[in-house]
Amino acid sequence: MMPHRILIIDDEERMRWVLCKALEQESYEAEAAGDGIEGLKMLDKHSIDLVLLDMRLPIMDGMEVLKRIKELYPSLPVIIITAYGSIEMAVAAVKAGATDYITKPFDIDELVIQIKKALDVHRLVDEVEFLRSELSQRYQDMLLSSKSPCMQEVYELVRRIADSDATVLLTGESGTGKEVIARTIHYSSRRADKPFVAINCAAVPDNLLESELFGYEKGAFTGAVARKAGRFEVADGGTVFLDEIGEMSMNMQAKLLRVLQERSFEHLGGNDVISVDVRIIAATNKDLQYAMKSGYFREDLYYRLSVIPINLPPLRERKEDIPDLALYFVNKFDKRKAIKGISKQAMDILRLYSWPGNIRELENAIERAVIICDTNAIQPAHLPISMQTPKKESSVLDIDIPDEGISMEALEMQLIKKALDKTGGNQTKAAKLLGITRSALIYRMQHGIT
């Protein structure tokens with residue numbers, strides 16, 4: 001690893017000499033300049049990792065030099081060296097972009113500690129920026145791999161709304177990539193360097209969800225042995241992703257609504273009001289409008305969440321994207337880079353399959369194929385058996401619509417009765433056959449079947 005190179009800009013020759021020797025003893029490389037103009041020239045000539053800048057300089061004062069450095073090299077750490085009586089100037093320099101300051105006379109060991117701290121912070125900032133770029137690119141690639149007009153519309157909307165603070169509601173079947181879109185929005189926004197905190201509302205029991213979201217104080221309940229910050233607190237400045245929002249109880253919906261309205265909350269068992277700055281992105285595979293009409297979802301919360309609604313189409317409606325997505329997943333899982341592609345026969349199977357599990361199912365199928373693939377291309381035998389011998393799709397009911405019209409409600413009741421007959425009266429299985437929740441089935445039965 002190359003040693004860090006530090007530039008000293010100070011008009012006192014002895015000070016430059018002392019600092020150069022001290023830094024070299026700490027295994028740094030040191031460059032020195034006697035004024036600001038010379039220092040700026042050296043910045044252009046050498047790769048500098050940190051600048052030690054005296055505030056009192058001839059020709060161009062330290063504040064002007066700092067301004068020029070920040071214009072040319074915005075992320076370069078600059079530590080100000082100033083006389084004891086000029087602390088106000090040093091504070092102003094920090095506000096103008098300097099990393100820190102130290103007053104004369106100073107202890108060399110103290111300065112070395114400040115230098116190490118500034119370099120460590122700079123390194124971490126670079127790493128965060130790199131990870132941010134990588135994550136953003138990952139999710140951008142997923143979207144840009146889409147050729148379907150419907151997904152291009154989604155991508156364009158994401159691009160336009162990413163940097164706003166508006167609440168987003170993502171809808172679509174399970175596996176359509178709602179969390180991918182949520183992360184894309186976050187990493188494309190000004191909040192990208194802040195946390196993205198996700199919670200699956202269906203995976204956390206209702207009696208624990210409140211403490212998970214809003215935190216709790218020590219002794220708030222049995223087992224609360226210490227104070228704990230909630231997800232909203234952790235995400236301050238960033239984004240909270242509420243997945244499966246349709247599974248949230250009415251009681252929790254009311255508490256969430258208050259947070260959306262006031263941007264504040266209290267810990268469970270606490271009285272102090274905690275204010276946060278977070279963006280909310282919610283997602284569901286449920287029909288929230290139907291749930292709202294059925295009394296299972298609050299109308300006021302629905303309209304708070306759906307400021308910007310984005311519906312993700314199922315994979316069966318965007319089959320032109322399957323080849324690119326499949327190859328994307330091959331490259332993702334083939335660490336040895338031994339697989340050159342997907343055979344025509346295998347790709348035909350992928351195109352014809354209905355993908356009830358959407359992109360998640362495709363990803364799992366390709367991961368399996370990559371693991372067992374023993375050739376340079378994925379073959380039909382590498383795909384799941386259920387895809388190799390696809391089931392014949394059930395035909396749509398052949399219904400004649402009479403001139404006098406037809407009752408949709410009566411037709412719906414006939415379908416429900418057929419589903420119940422087919423499942424021996426099992427409501428859960430009947431709801432699954434009809435593609436609705438058991439609670440929705442019961443509601444429709446109560447309002448349509450006597």
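In what order do the five strands of the open sheet stand? The order is β7-β8-β11-β6-β12, with parallel pairing. The model is predicted: local features need pLDDT of at least 70, side-chain atom pairs count only at pLDDT 80 or more, and totals for chains, interfaces and linings use all residues. Residues are numbered from 1 along each chain as its sequence is written, and side-chain values use heavy atoms, with hydrogens and water left out.

**Terms**
- Helices (H or I, at least four residues) and strands (E, at least two) are DSSP runs, numbered from the N terminus.
- Two strands pair if DSSP finds at least two bridges between them.

- β7 (196-200) and β12 are the edge strands, each pairing on one side only.
- On average, neighbouring strands of this sheet are turned by 15° against each other, direction ignored; axes are lines fitted to C-alpha atoms, for helices over the stretch in contact, and angles run from 0 to 180 degrees between N-to-C directions.

**Strand pairs**
- Strand β11 (residues 279-284) runs parallel to β6 (residues 168-171), joined by four bridges, and Val 168 stands opposite Ile 281 in β11.
- β11 also pairs in the parallel sense with β8 (residues 239-243) over four bridges; here Phe 241 stands opposite Ile 281.
- Four bridges link β6 to β12 (residues 308-311), again in the parallel sense, and Leu 169 stands opposite Pro 309 in β12.

**Helix on the sheet**
- Helix α6 (residues 149-161) lies across β6, β11 and β12 and runs at about 155° to β12; contact means heavy atoms within 4.5 Å.
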